[in-house]
Amino acid sequence: MGLLGSVTSSMAAAQCGGASWYGPGFHGKKTASGQRFNENAMTAAHRTLPFGTVVKVTDQRTGKSIKVTINDRGPFHKGRIIDLSKAAAAKLGTKNAGTGKVCLARV
């Protein structure tokens with residue numbers, strides 16, 4: 001089972017793994033959901049969760065949590081489970097590091 005295990009759209013158990021962020025090069029472009037990407041919004045990309053799903057993202061190192069809405073697909077880098085918008089990464093405290101270890105729980 002890889003890092004994702006057997007994740008379903010119901011996401012019964014928390015999913016943990018790497019998080020990264022994206023923004024500047026994608027700002028204003030269409031996301032996989034058809035919405036325009038806003039790097040200043042509390043949104044994120046996930047490989048399988050339905051668009052519109054609200055997810056609580058908790059930094060495993062600090063315990064800090066934020067809520068984001070899934071509106072895009074990704075990340076496409078091994079070991080990562082979510083790509084946060086620039087604003088979401090800044091609020092979580094992972095923006096400067098670029099990546100972090102997080103756990104996700106569907107809200």
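Q: A salt bridge is a side-chain nitrogen of Lys or Arg within 4 Å of a carboxyl oxygen of Asp or Glu; how many does the structure hold?

A: One. This is a predicted model, in which local features need pLDDT of at least 70 and side-chain atom pairs count only at pLDDT 80 or more, while totals for chains, interfaces and linings use all residues. Side-chain values use heavy atoms, with hydrogens and water left out, and residues are numbered from 1 along each chain as its sequence is written.

Q: What makes Glu39 and Lys86 a salt bridge?

A: Their closest N and O atoms are 3.9 Å apart. The limit is 4 Å, so the pair qualifies.

Q: Which parts of the protein does the pair of Glu39 and Lys86 tie together?

A: Glu39 lies in the loop between β1 and β2, and Lys86 lies in helix α1, so parts 47 residues apart in sequence are tied together. Helices (H or I, at least four residues) and strands (E, at least two) are DSSP runs, numbered from the N terminus.

Q: Are Glu39 and Lys86 buried or partly exposed?

A: Buried means under 20% relative accessible area, exposed over 50%, and partly exposed in between (1.4 Å probe, protein chains only). Glu39 has 12% relative accessibility, so Glu39 counts as buried. Lys86 has 27%, and is therefore partly exposed.

Q: How do you know that Cys16 and Cys103 form a disulfide?

A: The S to S distance is 2.0 Å. A disulfide is a pair of cysteine sulfur atoms within 2.5 Å, so the pair meets the criterion. A search of the whole structure finds one disulfide.

Q: Why is Cys16 called partly exposed, and why is Cys103 called buried?

A: Cys16 has 31% relative accessibility, which puts this residue in the partly exposed class. Cys103 has 17%, so Cys103 counts as buried.

Q: What makes β3 and β4 a pair?

A: Two strands pair if DSSP finds at least two bridges between them. β3 and β4 have five bridges, in the antiparallel sense. One of these joins Lys56 to its partner Lys67 in β4. The two strands form a hairpin with five residues between them, and Gly63 in the turn has a positive phi of about 80 degrees.

Q: How do you know that strand β2 joins β4?

A: Three bridges join β2 (residues 43-45) to β4, and the two run parallel. Among them, Ala44 is bridged to Ile70 and Ala45 to Asp72.

Q: In what order do the six strands close into a barrel?

A: The order is β1-β5-β2-β4-β3-β6, with mixed pairing. Neighbouring strands of this sheet are turned by 45 degrees against each other on average, direction ignored; axes are lines fitted to C-alpha atoms, for helices over the stretch in contact, and angles run from 0 to 180 degrees between N-to-C directions.

Q: Which residues touch the most other members of the largest nonpolar core?

A: They are Val55, Val57, Val68, Ile82, Leu84, Val102 and Leu104, out of 16 residues in this core. Two or more residues each come from β3 (54-59), β4 (65-72), β5 (80-85), α1 (86-92) and β6 (99-106). A nonpolar core is a set of buried Ala, Val, Leu, Ile, Met, Phe, Trp, Tyr and Cys residues joined through side-chain atoms within 4.5 Å.

Q: Why is Thr53 called buried?

A: Thr53 has 5% relative accessibility, so Thr53 counts as buried. The residue is found in the loop between β2 and β3. Leaving aside neighbours within four places in sequence, Thr53 is in contact (heavy atoms within 4.5 Å) with Val68, Thr69, Ile70 and Arg106.

Q: Why is Asn71 called buried?

A: Asn71 has 3% relative accessibility, which places this residue in the buried class. Asn71 is found in strand β4. Not counting residues up to four places away in sequence, Asn71 touches Thr31, Ala32, Ser33, Gln35, Thr43, Ala44 and Phe51.
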